[in-house]
Structure formats: structure tokens, C-alpha cells
Amino acid sequence: MTPDEQTTLLDALLDGDINEADFLRLEAELSVDAEVRKAYYRRLEMDLLLEEVAAEEVHRLPPLAEPMLQRTSKRGLWWAGLLTAIAAGLVLFVTMFAGPADQNDRPQVAQTSQKNEPSATGFGVLSGQSDAVWEGEAIENGGLLPQGELHLVSGLVHVELFSGVQMVIRGEAMFSIDSPMQVSMRKGSARAHVPEPAHGFRLKTGAGEVVDLGTEFTVDVDETRSSVKVVDGEVELRTREAETWRLRDGEGVELAADGTLAKESADDIALIGPAAFQDVLAERQSDQFRRWQLATQLLRNDPRLMAHYLVDPTQGWSRTLVNRASAASRVNGTAIAGDGAVVAATRTQDRWGRDGGALDFSRMGSRVRVVVPGEHRGLTLMCWVKINSLDRWYNSLFLTDGHEDREPHWQLMNDGRMFFSVKPPDIDHLPPAERERQVFYSPPFWETSMSGQWIMLATVYDVDQKRVSHYVNGAPISHESIPETFLVESIKIGAASICNWSEPMYRSDATFVVRNLNGCVDEFALFSGALSHEEISNLYHAGNPNER
């Protein structure tokens with residue numbers, strides 16, 4: 001940014017007539033350039049000083065001029081308040097990211113960073129489930145297992161503890177993950193595989209506890225008894241009566257609920273181990289994958305489908321992402337979107353476990369460049385995404401170049417909300433507080449514990465219903481009415497980027513704001529018009545690799 005451009009943008013900001021693209025550009029400069037921040041502070045100080053002088057002069061002017069100056073003063077003071085808030089935010093930014101000269105602040109900065117470091121709660125994850133029914137809220141594959149007692153009503157689940165212990169648990173089961181090295185079970189059957197680093201793992205029942213000495217054992221627990229049998233290796237069984245039993249390959253016992261010996265041998269517990277369980281899930285996922293492929297073929301003939309981008313891992317790698325929408329599909333006589341140009345993104349594993357079936361956008365500058373022609377009465381955007389972290393203020397999903405009239409922006413905020421807007425014409429003439437009403441946020445839905453999980457996101461801009469709806473995994477998480485003033489009945493897209501933002505191509509400044517998604521996408525679709533709740537749900541269930 002040249003000094004003249006810097007001065008022009010600062011003047012526009014202080015006067016209150018800066019447009020969105022220039023504001024974002026200046027925002028980036030203020031974030032990275034200490035000299036620009038100093039210039040801003042000097043100009044802000046001067047502007048506020050002039051406002052104070054103007055306010056004092058109001059009382060000295062003739063009565064006839066007073067209303068006009070009051071209006072001017074109110075406008076200036078309003079901007080002063082806004083700019084003061086911006087300045088406060090920048091002071092915080094400077095404090096946190098001060099240069100080498102700020103030696104005295106470093107310990108405090110370190111403490112602040114530690115306090116704000118992302119955290120999550122849990123001792124293990126759910127890595128697979130088959131026909132599982134949970135009491136209360138379902139637990140998604142890849143999700144952290146919550147603390148407290150869990151009730152698996154029926155089905156099988158595969159649990160991986162952070163110690164390396166793997167367990168297959170069959171419902172009905174009531175159990176809790178007490179730590180990476182201990183599970184308590186009140187009811188149910190389980191088979192535990194314990195690797196060498198986790199020897200000493202304990203499984204507690206009402207009758208006593210099993211201490212693993214390596215490598216695999218099974219338990220079956222109910223209100224009347226606890227059965228333990230060693231599949232491979234050795235365990236130590238400690239009863240409530242302070243007795244200790246050493247059990248080796250093939251040996252087992254059954255204890256009564258009070259911890260006394262009921263049987264010196266235990267019946268076999270027919271429960272597959274974690275490795276075999278994953279083989280079963282892989283076969284089931286293969287069936288689901290074939291169903292998804294069939295659903296995808298049918299989807300391509302939907303006349304509303306403007307763009308459908310997938311990465312085919314069976315084909316040679318190129319920097320072109322083919323639009324799979326049928327060439328016969330037309331919307332109001334307008335051609336579908338063209339193929340995408342892949343920039344910087346790399347291939348990675350997709351949600352089906354196929355190497356090279358997804359694009360990783362975490363590399364700086366990554367994006368897919370597309371052109372979507374025509375004008376559209378409503379819009380539906382959908383993608384399958386795996387988020388590593390939301391470490392930018394704005395994390396792009398689909399953004400048009402710049403943000404001109406009637407163009408959409410779809411992205412994720414750093415607090416886990418979805419952001420969607422279609423810019424109405426003439427909005428730049430409205431006050432900033434009124435402009436904000438063009439943006440439709442979802443409630444926060446993403447948190448650090450979801451890092452690395454594949455999820456389906458969708459947003460629907462419904463002109464006829466005058467409503468914006470956000471979806472996560474096929475279920476609506478918010479609906480919001482579109483104010484009449486901001487309703488755009490004819491949306492245009494043109495040049496755009498998937499998972500990044502491209503400012504207008506004519507600009508010559510090499511500095512850019514960082515908006516590329518820190519994560520991966522393996523499917524992206526764009527429809528002209530609004531899909532129904534049922535259609536969004538069907539897209540999710542057809543494409544969910546863990547569908548039961």
C-alpha cells in the first residue's frame with residue numbers, strides 16, 4: 001500500500017464512508033504494519049481533538065446555525081465512539097503481538113496466550129459404532145466421549161482411550177471413562193485390547209476390578225455378577241473381598257455382585273475385538289459408499305445444480321477440478337459453472353478413507369477458482385468439510401471476488417459460527433449498524449473438540465420464504481428472516497473462490513488478508529434456488545460414511 005493510498009483509506013475510515021473491500025484491506029494493514037497503526041493513532045487523535053473543539057464552538061455560534069452543527073457534531077461523535085472502540089481493539093492487538101522492544105510485556109503476553117489456549121474435555125474418542133443407540137444425545141464418530149456415566153441402549157461401539165487402550169462395548173451398557181487408564185462398568189459386555197504402554201489399565205465393576213498385565217480380555221457385567229476371561233496375555237483380578245487372582249490365556253472366573261467367587265471358570269463372551277470390528281465397519285462403509293455414488297449420479301441431473309466438485313482419487317492429479325453437474329442442466333437458459341482451477345491446495349484423504357480424494361486448503365494461498373454465470377433466485381451451498389482449526393477471524397467456504405452488489409459470501413467465524421450474506425444494492429449508504437443486518441449468522445456450532453471430524457455444512461437463501469437457514473449434518477441449526485430492505489431476488493456470483501477470498505484482480509498491492517480455510521473439503525455443491533429441509537437431510541444421509 002502506497003502512502004497516498006494509506007492516507008486516502010484512513011480519511012475514508014475517519015469520515016465514515018469507507019466501503020467494505022477497502023475496510024478489509026485497511027484492516028489487514030493495521031494488523032501487520034506498526035507504522036500504519038502509528039499513522040492511524042495520530043490521525044485518530046487529531047480527529048477526536050477537532051471533534052472536541054467543534055463541540056465547544058457550538059455554544060458560541062448564532063442560534064440559527066446551531067441545529068446544523070448539532071447534526072454535524074452528533075455524526076462526528078458517533079464516529080468518534082466507533083473509532084475509539086476500533087482503537088481499543090488495536091491496542092489489545094498491539095499488546096499481544098508487540099515487537100522486540102516490548103520486553104517488559106512478554107511474561108504477561110505469555111500468560112494471556114496460555115489462558116486463551118484452546119482446550120477440550122475427555123479421555124478418549126468414539127472411533128466407530130454399529131447400530132448404536134444412545135440414551136440422550138447421540139455421540140458422533142470421532143467425537144470426544146463426555147465425562148460421567150454413558151448409557152449405550154443397544155448396538156456396538158469402538159472406544160479409543162488416549163492411553164492407547166481400545167475397547168469394543170456392546171449394549172445395553174452403562175459405563176464411564178474415568179481416566180485414560182480406567183473405565184468403570186455397571187452393566188454390559190466389553191472386550192479390551194491393551195497395548196504395552198497402557199499395561200496397568202483398570203476396568204472396575206461392582207464386584208471388583210480387572211488390572212491388565214497384557215494384552216486382551218473380555219468382561220460381562222450385570223446387577224448379579226461380573227465375568228472376566230483372558231483372550232491373550234495376563235490380568236490380575238482384585239475382588240471386593242481383597243482376594244487377588246492371576247488369570248492367563250483362556251482362563252476366567254465369575255464373581256457374584258458382592259465380590260465372592262461364583263464360578264472358577266467363565267463362559268466365552270462372544271464379542272469381536274477392535275480390529276475385527278473395524279473390518280466390519282469398513283465393509284459397511286463400502287456399501288454406504290456405493291449408495292452415495294448412486295445418489296451422486298442422480299444428483300447431477302438436478303436442473304438446479306450449478307456446480308458439483310469432487311476429487312477423483314483414481315484419476316491422475318491435475319490442477320483442474322471438474323464440475324460434475326450434468327452439461328444438460330440449465331437454469332433459466334444459463335450454462336452451469338465451469339471447471340475449477342486449483343491453486344496451492346494439496347490432495348489428502350477424503351471422508352471415505354481414500355487417499356487423494358479431498359483437497360487440503362491449509363497451505364497459505366490455497367483456493368479453487370471458479371466462475372458461476374447467470375442470475376439466481378435463491379441459493380443453496382453445501383460442502384463436506386474437515387476443520388483443523390478456526391484460527392483466522394474469517395475462514396472462507398465460498399466467497400465472490402471482492403463483495404459487490406448482489407454477491408454472496410459464505411464463511412466461518414473464529415468463534416464457530418457460520419456467516420452468510422448477499423450484499424444488497426446501495427447498502428454502502430446505510431449506517432454501519434444497519435449494514436450489519438445483511439449478515440446472517442448461525443449459533444456457534446464448532447468447537448476445538450470437533451477438530452479433524454468430517455461434517456456437512458449447508459446454507460439456504462430462500463427468496464420466496466424470505467429466510468436464511470443454516471444446517472450442520474443435515475439438521476437445521478438456525479432460521480432467520482430476511483428484512484425486506486435487504487432481500488435480493490436476483491443473485492449473481494461470477495468469479496469466486498472455494499475456501500479462500502480473492503480481492504479484485506485489478507489491485508496491485510501484494511499484501512492480502514488470510515482467509516483460507518485451515519482444513520479439507522472433499523465435496524462442494526451449489527444450487528440455483530432453495531433446497532428444502534428434506535432435500536438437505538437426504539444429501540447428508542446419502543453422503544454420510546458412518547450412516548447406520
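Student: Helices (H or I, at least four residues) and strands (E, at least two) are DSSP runs, numbered from the N terminus. In which strand is the place of Glu 172?

Tutor: Glu 172 is in strand β3, residues 166-179. This is a predicted model, in which local features need pLDDT of at least 70 and side-chain atom pairs count only at pLDDT 80 or more, while totals for chains, interfaces and linings use all residues. Residues are numbered from 1 along each chain as its sequence is written, and side-chain values use heavy atoms, with hydrogens and water left out.

Student: What is the peptide bond from Gly 171 to Glu 172?

Tutor: That bond is cis, with omega near 10°. A cis peptide bond also joins Gly 214 and Thr 215, with omega about 15°. In general, most peptide bonds are trans, and most residues other than glycine have a negative phi.

Student: Where is Thr 215 found, and what is its bridge partner in β7?

Tutor: Thr 215 belongs to strand β6, residues 208-221. Its bridge partner in β7 is Gly 233. Two strands pair if DSSP finds at least two bridges between them; β6 and β7 (residues 225-239) do so over 12 bridges in the antiparallel sense. A hairpin of three residues connects β6 to β7.

Student: Which strand do five bridges join to β7?

Tutor: One of them is β8 (residues 244-248), which runs antiparallel to β7 with five bridges. Arg 238 stands opposite Thr 244 of β8. The β7 and β8 hairpin has four residues between its strands, and Ala 242 in the turn has a positive phi of about 70°. Strand β9 (residues 252-256) is also antiparallel to β7, again through five bridges, and Val 228 has Val 253 of β9 as its bridge partner.

Student: New topic: at what angle do helix α6 and helix α8 pack?

Tutor: Helix α6 (residues 274-299) and helix α8 (residues 533-543) pack at about 140°, with their axes 8 Å apart. The axes are lines fitted to C-alpha atoms over the stretch in contact, and angles run from 0 to 180 degrees between N-to-C directions. The two helices are therefore oblique to each other, since angles under 35 degrees count as roughly parallel, over 145 as roughly antiparallel, 65 to 115 as roughly perpendicular and the rest as oblique.

Student: Which residues of α6 and α8 make the contact?

Tutor: With contact meaning heavy atoms within 4.5 Å, α6 contributes Gln 288, Trp 292, Ala 295 and Leu 299, and α8 contributes Leu 539, His 541, Ala 542 and Gly 543.

Student: What is the mean pLDDT of the chain?

Tutor: The mean is 81, and 79% of the residues reach 70 or more; pLDDT is the predictor's confidence in each residue, from 0 to 100. Over residues 58-115 it stays under 50, and the model has 36 contacts there beyond four places in sequence. Residues 506-510 also stay under 50, with four such contacts. Where pLDDT is low, the predicted coordinates should not be read in detail.
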